[in-house]
Amino acid sequence: MAKQQQKKLAPVMSILNMKGGVGKTTISAHLSREFYRETEKNVLVVDLDPQFNLTQTIFHEKKYERFKRDGKTVLSVMESPESTSLYDTHETDGELPDLSDIVVNVKYLWRGTTDNWVARLDILPGDFSLCKFSLMEDRDLIETAAERFAKFIEKARETYDLVCIDCNPSSSFLTVCALKASTHLLVPVRPDRYSMLGLRMLDNFINRFKALAVKPKKIIILNGIPRGGYDPTVENELRSDPEYGPITLTTSLYMTKLLAANPRYTGFATDRKVAHSNSLQSRMGVLSRELAAALGLK
Amino acid sequence: MKNPDINDLLIILVSAGWAKRDIVSVLMQVSKLSSFDLEDELSEISYRLGEVRRYSRIKESHSRPLFSPSAKKIASDDYSDLYLKVRDMLVLELGLSNEQIVSLLSEKLGGDAYLPPLSKKSLANWLERLSVYYSPSEILHAAAVIRERFNKGRPLDWGVRGES
């Protein structure tokens with residue numbers, strides 16, 4: 001009798017750098033959008049940054065208020081939706097919500113009929129209330145949250161082809177949750193000295209983190225390359241480094257105003273009908289293919 | 001663009017990575033120069049380039065004209081980032097020939113692994129075929145190490161790795 005083939009668990013990729021302003025959120029949002037389209041894979045993006053900028057990039061405020069009311073944010077993963085305030089949580093574990101009850105579908109591809117799904121891009125919106133976990137000192141309370149998050153990610157790995165986690169730029173409890181759940185880390189760096197320091201800090205943090213049984217594989221992406229007058233000195237040093245060089249994607253992202261936060265546009269920059277959005281989409285597509293190969297998803 | 005000379009000049013500037021705004025600004029300034037001043041500037045540039053060639057590692061036989069029929073293609077999206085970056089580091093910066101690049105990259109990646117031979121087509125094609133056996137990141141890393149070996153410059157004040 002043929003053995004029933006077990007579904008391979010999806011890779012979990014945290015987008016992380018200890019330095020802020022390197023493009024973590026921008027890359028999380030736009031790369032996952034093109035990744036899903038280019039590779040036709042099911043992708044879930046988890047906004048684990050209490051600043052929830054990724055969520056604000058994609059959803060209008062009114063829509064987000066509805067998600068909050070319905071418990072469709074990452075807070076429902078960290079604690080069961082009982083009476084809690086911004087300053088406290090509870091020790092009871094509670095049932096984890098079903099994936100389908102809390103994730104929000106933002107894009108989908110179908111063939112023929114609408115019920116013939118090919119791939120979908122789902123997002124688990126972020127929540128400002130997550131910041132309370134970084135302020136708590138009671139280990140039992142935050143352990144409960146950490147266990148719930150780990151279980152949730154394991155469930156997501158069975159459902160999706162790729163799970164992305166947008167992280168905050170610090171060594172907080174939330175970063176630890178993301179690291180423990182991750183098989184890969186996508187580390188955006190800008191070709192400047194400060195960004196490289198962030199890369200080293202991340203390395204030190206991971207190497208000294210004893211609770212991490214298996215270290216996630218790093219993938220580095222260069223972001224914010226100037227289109228004119230670019231000095232590649234830092235990039236050349238990064239690429240020739242024996243550890244960082246072989247894991248730095250060849251496809252880089254250029255500086256573009258399209259990816260900057262726009263107060264009058266909510267959504268993916270590659271969906272905008274403006275100049276350069278096609279070329280940005282095409283570059284993100286090339287990057288997605290290279291990333292898929294690096295993740296073993298080709 | 002109706003005038004092919006202007007078109008060629010613009011291709012050179014775009015290929016060199018100039019921003020649109022910078023190109024427009026420079027062309028506006030150039031249009032204000034007298035032909036005498038312009039000739040003077042060009043003579044000065046020719047002299048300085050000659051000096052650079054004399055003292056740099058770039059051999060005349062390998063130095064490529066900045067504009068050639070193949071450079072026209074470089075402005076397009078036909079080439080991968082891998083090729084463009086290998087070209088920048090090993091062809092334009094070090095002045096290596098395709099054969100030298102293939103030999104050095106093969107040696108660096110080498111071992112017993114199979115490496116495709118350089119066909120008559122191009123270096124871009126060879127790199128594409130090489131990408132079947134090695135990830136583009138590994139190939140570019142090898143190219144960066146080769147560049148560093150030939151081109152030892154002043155170390156960065158804050159290196160990528162540091163002392164930690």
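**Close-up views of a predicted model**

Helix 1 of chain A gives the most to the lining of the largest cavity, with five residues. This is a predicted model, in which local features need pLDDT of at least 70, side-chain atom pairs count only at pLDDT 80 or more, and totals for chains, interfaces and linings use all residues. Residues are numbered from 1 along each chain as its sequence is written, chains are lettered from A in the order in which they are written, and side-chain values use heavy atoms, with hydrogens and water left out.

**View 1. The lining of the largest cavity**. A cavity is a set of points, on a 1 Å grid over the protein atoms alone, where a 1.4 Å probe fits but cannot get out; lining residues have an atom within 4 Å of a point. Two cavities of 30 Å³ or more are counted, and the largest holds about 40 Å³ of space, a volume being the space filled by probe spheres set on the points, which are joined across faces, edges and corners. Strand 1 (12–15), helix 1 and strand 5 (162–166) of chain A each supply at least two lining residues. Helices (H or I, at least four residues) and strands (E, at least two) are DSSP runs, numbered from the N terminus. Among the lining residues are M13(A), F35(A), C164(A) and L291(A).

**View 2. Aromatic pairs**. Four such pairs are found over all chains; rings of Phe, Tyr and Trp (its six-membered ring) pair if their centres lie within 6.5 Å, with planes under 30 degrees apart counted as stacked, over 60 as edge-to-face and the rest as tilted. One of the pairs, F59(A) with F67(A), is edge-to-face, at 4.9 Å centre to centre and 85 degrees between the planes. The rings of F205(A) and F209(A) have centres 5.9 Å apart and planes at 15 degrees, so this pair is stacked. F209(A) is buried at 15% relative accessible area, whereas F205(A) is partly exposed at 22% (buried means under 20%, exposed over 50%, partly exposed in between; 1.4 Å probe, protein chains only).

**View 3. Charges over rings**. The charged end of R33(A) sits over the ring of F268(A), 5.7 Å from its centre. R272(A) lies over the face of Y265(A), 4.9 Å from the ring centre. The rule requires NZ of Lys or CZ of Arg within 6 Å of the ring centre and within 35 degrees of the ring normal.

**View 4. A positive phi at E40(A)**. E40(A) is not a glycine, yet has a positive phi of about 55 degrees. E40(A) is in the loop between helix 1 (24–39) and strand 2 (43–47) of chain A.

Conventions: 1 Å grid on protein atoms, 1.4 Å probe; cavity = no way out; pocket = protein on both sides within 12 Å on 5 of 7 lines; lining within 4 Å.
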